[in-house]
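Below are some questions and answers for working through a protein model step by step. Keep the sequence and the structure in view while reading.

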Amino acid sequence: MVKGSLRVMLGAAPGVGKTFSMLDEGHRLAAGGRDVIVAVVETHDRPATAAMLEGLEVVPRASVGYRGVTLEEMDLDSVIARHPQTALVDELAHTNAPGSRNDKRWRDVAELLDAGIDVVSTVNIQHIESLNDVVRQITGVPQRETIPDSVLRSADQIALVDLAPQALRDRLADGFVYPATRIDAALSNYFRLGNLTALRELALLWLADEVDVALLAYRTEHGIDSKWEARERVVVALPGGPEGETLVRRGARIAARSGGASGGALLAVHVTSQDGMTEPHPGALAAQRTLVESLGGSYHQVVGDSTPEALVDFARSMNATQLVIGVSRRSRLTAFVTGQGNGATVIRRSGDIDVHIVSHDAAGRALPPRPGRLRRGGLGRGRRALGFALTAAALPALTWLLASFRSDESMTSDVLLFQLFVVVIALVGGIWPALVAALAAGFSLDYFFVDPLYTVTIGEPLHLVALIVFLVVAILVSFVVDGAARRSRAARRSPAEAETLATVAGSIIRGESAIEALVGRMREAFGMRSVTLTSRGEVLFESVAPAPTPGGTSPAVGAASSPRADIAEPTVIELGGPGSIVLRGRALAAADRRIADAFTAQLEAALEQRDLRAAAESLRPLEEADRLRTALLAAVGHDLRTPLSSATAAVSSLRSTDVQWTDDDRGELLATAEESLHRLAALVDNLLDVSRLEAGVLAVALSDVGLDEVVPLALDELGQRAADVVIDVPSELPAARCDPVLLQRVIVNLVANAVRYSPASDPAHVSASSFADRVELRVTDHGPGIPRDVLATAFQPFQRLGDTDNTTGVGLGLALSKGFVEAMGGRLDAEDTPGGGPTLVVSLPAAPATPEVGP
């Protein structure tokens, strides 16, 4: 069976018109002769959307029972049995009711596709799994219903339903999205202009990335290598030196000018050789990577034998339009001797990619050698010393031996034996002993074996040629052997360095502090007694080696690279900021500087992150205070104005001489003024209590109190509103250790909330029990409950369920109750009530038992 195709209408936010567009597509397909049905659609009581259903067949929904409530979901079996050509399925990320065949609607859609049915669906950008945390940071609202990225990317078509943010706010204000009771809250929260703009940009960028992937797949499938200038992409080649910053900034300017209003894409790439002999400065590369990312670009690293070929291949794979490289550091003499450099090769191979060669301050100057890049022999000092000693001892012996058997026919064998001697010296001691051995062997050949004997003159020109060839071959062999030794040592060090860096990364991933992990691993890697990290004269962290055990060893990357195992003078490595690393133990060898630079770069980044976190933490109290102040002004503005207006109107009416009020009218006006002033006084009391809680100066007088005494007093304070509340507080319960006045206010707040939301047929319920050394009071209602996504903020000040009711206070009840309970040493938690609604649990310490007095 041919699998059906999936088309998704993607939107940046609710209300942009995804469902409307889906139904419009259904009408278009039906007009073209296709069999189209509506499997499930959510109109959200929007008249324009509901009107689009006319003329389309709608499959009745299936009823699913859950906790005594009947829920309606898409009837998957009926849709498959009907088997239309196209099914319209709204809200792809929807979570099905418990008891359904699949837990998610996108799984239902997968079954429809497997049945050969084409599907048109809808989804918002905030429901994409990989963007869930980003959307939460933008809107402050976590999304429980998400869809895997792979499901959306597998769609055959993704159409963006776009609407300008201000146009969406206008639609919302006109009542086309939400009912009137939700408009103000929506406009001031989720649908703020900044939120909508960010969500729109997120949707456009996500879809643009998908378009790039589709374009790359098409070009690969059809074997298209030439660039398509659908979007400017600027690749900057980083050589690994300090000139990289100049190249990055020039590339960023080119990208900004070349990409229109949105700018082009900036990609920085560094090419490393496969043999690992090219050693860029890791600190410079780390700083340049940070610069690239701060400019909105991305950093890449590729491996290749030929730098020009690797650069051009990378640029083509990224569909780049421009390539930025630096002027060669080689001098004119070096360029004349060695021929064309990388720049000329890149230009020759670039084809239709524009190449920019940028000058910089280091042009024409060789990169200054770093300690880790000294061009010394690949063998250690001991091996070199052995090579010199063997030359001094073996060359005279070999010369005496060959001279003893000298003849006219032995000249060829003498030269070959001296050549073999030089090769052996190169294998033993490296290039410098081999060069000395080659020169000494050439002198011996000339003095003892070439006529005229025992003179430095050469009688035959051919002998001179042979001697020169001998010296050239000896020198070349020495270079080859020494290069092989260096590569062998680099190959042996690379796994150790990689293992060290992997250990550091693993320590950080496992949850260790980045700074502590880096300092500790740095001490272990170099076999130091201690490593100390300082910043601004303060010791941030110090890692000290444990006391050595008998026969124990300390693994280190460069532990054997220096003959001096321990020195008194510490090694100090300066960091980029006002900090330094002090290494005590042995001398840090030049070969260890490369990985030390990597540690330094990581520590600089970790310190920067630490400073940023400290700055963010220092601003958190100000942010919280500003949030409370903003919420207070937004909420109190209405709730202060309402009772003041009512009281003012009542008093003004009583003072008016234009109307003759009856006694009943006067009594009603006085009651209105009194009620409004009571509400105002209660609001001021709550605000004062909140300020006391925030300042930590709330007075608490603890005593042993029975809940059966406090609960009736609280219900009496509520008056007629609490007449139907069911009470189940046993008198034999242990007393609670609490403040009776504060506890009474807590019960009043909780019961008032429960009464407000409880249905008339199922009144609120107050019960109490004891467990271990705690006494628990439960206030239960069967109202709409507290959604899980707002449960975390329900106990914060100025929160109201739904933010739609501005007649019941400023949302301080739960916040005050939680503060009062915690001030008494208790806890206030919210639990789900079987059958729906919340249960608020007040847990207090039980009063200590009174010891019985014996007779």
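Q: What percentage of the residues in the protein chain is buried?
A: The model is a predicted one. Its protein chain has 855 residues. A residue counts as buried if its relative accessible area is under 20%. The share of the residues that are buried is 41%.

Q: How many helices and how many strands does the protein chain have?
A: The secondary structure of the protein chain includes both kinds of element. The count comes to 25 helices and 24 strands.

Q: What share of the accessible surface of the protein chain belongs to carbon and sulfur atoms?
A: The accessible surface of the protein chain comes to about 45400 Å². The part of this surface that belongs to carbon and sulfur atoms is 56%.

Q: In which element of the protein chain is confidence lowest?
A: The protein chain averages a pLDDT of 77, and 76% of the residues score at least 70. Confidence is highest in strand β6 (residues 86-89), at 94. At the other end, with a mean of 57, is helix α24 (residues 788-791).

Q: How many contacts beyond near neighbours in sequence does the stretch 851-855 have in the model?
A: Over residues 549-568 the pLDDT is below 50, and that stretch has 35 contacts beyond near neighbours in sequence. Where pLDDT is low, the predicted coordinates should not be read in detail. Residues 851-855 also have a pLDDT below 50. For the stretch 851-855, the number of such contacts is zero.

Q: What kind of pair do the rings of Y178 and F191 form?
A: By the rule for ring pairs, the count comes to two aromatic pairs. The ring centres of Y178 and F191 are 5.7 Å apart, and the planes stand at 85°. Planes over 60 degrees apart count as edge-to-face. The pair of Y178 and F191 is therefore edge-to-face.

Q: How many residues apart in sequence are the parts that the pair of Y178 and F191 ties together?
A: Y178 lies in the loop between α7 (165-173) and α8 (180-188). F191 lies in the loop between α8 and α9 (193-221), so the pair ties together two parts of the chain. Their separation in sequence is 13 residues.

Q: Which residues do ring pairs link into a cluster?
A: Y178 and F191 are both buried. Ring pairs link these two residues with one further residue, and the cluster consists of Y178, F191 and Y190.

Q: Is E25 buried or exposed?
A: The side chains of E25 and R28 meet in a salt bridge, at 2.5 Å from N to O. Both residues lie in helix α1 (residues 18-31), three residues apart, which is about one turn of the helix. The relative accessibility of E25 is 11%, so E25 counts as buried.

Q: Which residues are linked with E25 in a network of salt bridges?
A: Side chains of opposite charge can pair when their charged atoms come close. The structure holds 20 salt bridges. In the network that includes E25, the linked residues are R7 and R28.

Q: How far apart are the closest N and O atoms of E822 and K818?
A: E822 and K818 both lie in helix α25 (residues 813-823), four residues apart, about one turn of the helix. E822 is partly exposed at 45% relative accessibility, and K818 is partly exposed at 23%. The two form a salt bridge, and the closest N and O atoms are apart by 3.2 Å.

Q: Which helix gives the largest share of the nonpolar patch?
A: The patch on the surface is formed by L390, L417, L420 and V424, with about 300 Å² of accessible area together. One of these, L417, counts as partly exposed because its relative accessibility is 37%. The largest share of the patch is three residues, and these come from helix α16 (residues 411-429).

Q: Which residues does T391 touch, not counting residues up to four places away in sequence?
A: T391 is placed in helix α15 (residues 381-404). At 7% relative accessibility, T391 counts as buried. The residues it touches are P396, F421, I425, P433 and A437.

Methods:
Residues are numbered from 1 along each chain as its sequence is written. This is a predicted model: local features need pLDDT of at least 70, side-chain atom pairs count only at pLDDT 80 or more; totals for chains, interfaces and linings use all residues. Side-chain values use heavy atoms; hydrogens and water are left out. Patches are made of residues with over 30% relative accessible area and no salt bridge: like charges are joined within 9 Å, nonpolar side chains (Val, Leu, Ile, Met, Phe, Trp, Tyr) within 5 Å. Accessible areas come from the Shrake-Rupley method with a 1.4 Å probe; for residues, only the protein chains shown count as cover. A salt bridge is a side-chain nitrogen of Lys or Arg within 4 Å of a carboxyl oxygen of Asp or Glu. Buried means under 20% relative accessible area, exposed over 50%, partly exposed in between (1.4 Å probe, protein chains only). Rings of Phe, Tyr and Trp (its six-membered ring) pair if their centres lie within 6.5 Å; planes under 30 degrees apart count as stacked, over 60 as edge-to-face and the rest as tilted. pLDDT is the predictor's confidence in each residue, from 0 to 100. Contact means heavy atoms within 4.5 Å.
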